[in-house]
Amino acid sequence: MFKLGPAEPVVGSAHILTECSADELFRYIGKELFRNYPKWSPEIKALEQITPGPVGLGTEGRQVRIDLGHRTESRFIISAFEPDTRLTIVGVTDPFRCSYELQNIESGKSTRLIFSFELLELFVIMRPFEELIRVAIRDGAERTVQNIKHLIEADKARNLSSS
């Protein structure tokens, strides 16, 4: 498919305050990525870790997504894995990057989660739909942080009640 060449990426970002420590949140979104990613991103229909071992810098994965009825399959690599601070995933077969940044608040009682998704290139065929794509990416970023907050806080509450 023809690309337009260098252009401004399509970016969506959102942030939210979670009632858990950065350690708990990083474990959920980073260390347990392949177990939990489909929970906060229901568009994921298949997900697998390609490289063996624990999740970390350089871990590769494959995902199948269905977004607005459109099926895509892509490979990605973890390009930043900084415990309790940052997780960044970069597309290997598709031009995207998503980042999860964690900021410790109130001496570890809360964590601000900042999520951003960047579509680094638009194919020529996508150019007429650029504004719709921007809106979808912004909405998706907001939905992502809301879903993660709900899931991690519900998980924490379940763990506390079973103790």
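Q: In what order do the elements of the chain run from the N terminus on?
A: This is a predicted model. Its elements follow the order β-α-α-β-β-β-β-β-β-α. That makes three helices and seven strands.

Q: What makes the sheet an open one, and which strands stand at the edges?
A: The seven strands are ordered 1-7-6-5-4-3-2, with antiparallel pairing. Strand 1 (10-18) and strand 2 (44-49) are the edge strands. Each has a single partner strand, so one side of each lacks a neighbour in the sheet. From one strand to the next, the twist averages 20°.

Q: How do you know that strand 4 and strand 5 pair?
A: Pairing needs at least two bridges. Strand 4 and strand 5 are joined by six, and they run antiparallel. One of the bridges sets Glu82 against Arg86 in strand 5. The hairpin of these two strands has three residues between them, and Asp84 takes a positive phi near 70° there.

Q: What makes strand 5 and strand 6 a pair?
A: The cut-off is again at least two bridges. Strand 5 (residues 86-91) and strand 6 have five, in the antiparallel sense. Ile89 has Cys98 of strand 6 as its bridge partner. Leu87 is bridged to Tyr100, also in strand 6. A hairpin of four residues connects strand 5 to strand 6.

Q: Why is the pair of Phe96 and Phe117 called stacked?
A: Ring centres must lie within 6.5 Å to pair, and planes under 30 degrees apart count as stacked. The centres of Phe96 and Phe117 are 6.0 Å apart and the planes stand at 15°, so the pair is stacked. Phe96 belongs to strand 6 (residues 96-105) and Phe117 to strand 7 (residues 110-119), 21 residues apart.

Q: Is Phe96 buried or exposed?
A: Buried means under 20% relative accessible area. Phe96 has 7%, so it counts as buried.

Q: Why is Phe117 called partly exposed?
A: The class lies between buried, under 20%, and exposed, over 50%. Phe117 has a relative accessible area of 24%, so it is partly exposed.

Q: What ties helix 2 to strand 4?
A: An aromatic pair does, formed by Phe34 and Phe76. It is stacked, with 6.0 Å centre to centre and 15° between the planes. Phe34 lies in helix 2 (residues 33-40) and Phe76 in strand 4 (residues 70-82), so the pair ties together parts 42 residues apart in sequence. Both Phe34 and Phe76 are buried.

Q: How do you know that the buried residues of helix 2 are on the same side?
A: The buried residues are Leu33, Phe34, Asn36, Tyr37 and Trp40. They cover an arc of only 165° around the axis, which puts them on the same side of helix 2. An α-helix has 3.6 residues a turn, so residues three or four places apart point the same way.

Q: Which strands does helix 2 lie across?
A: Helix 2 lies across strand 2, strand 3 (60-67), strand 4, strand 5 and strand 6. It runs at about 170° to strand 2. Helix 1 (residues 22-31) runs at about 165° to strand 6, one of the strands it lies across.

Q: Which residues form one aromatic cluster?
A: The cluster consists of Tyr28, Tyr37, Trp40, Tyr100 and Phe115. The whole structure has seven aromatic pairs.

Note on methods
Residues numbered from 1 in each chain as written. Predicted model: local features only at pLDDT ≥ 70, side-chain atom pairs only at ≥ 80, totals over all residues. Heavy atoms only, no water. Phe/Tyr/Trp six-rings, centres within 6.5 Å; stacked < 30°, edge-to-face > 60°. Buried < 20%, exposed > 50% of the residue type's maximum accessible area, 1.4 Å probe, protein only. Axes fitted to C-alpha atoms, helices over the stretch in contact; angles between N-to-C directions. Contact = heavy atoms within 4.5 Å. Arc of directions from axis to C-beta.
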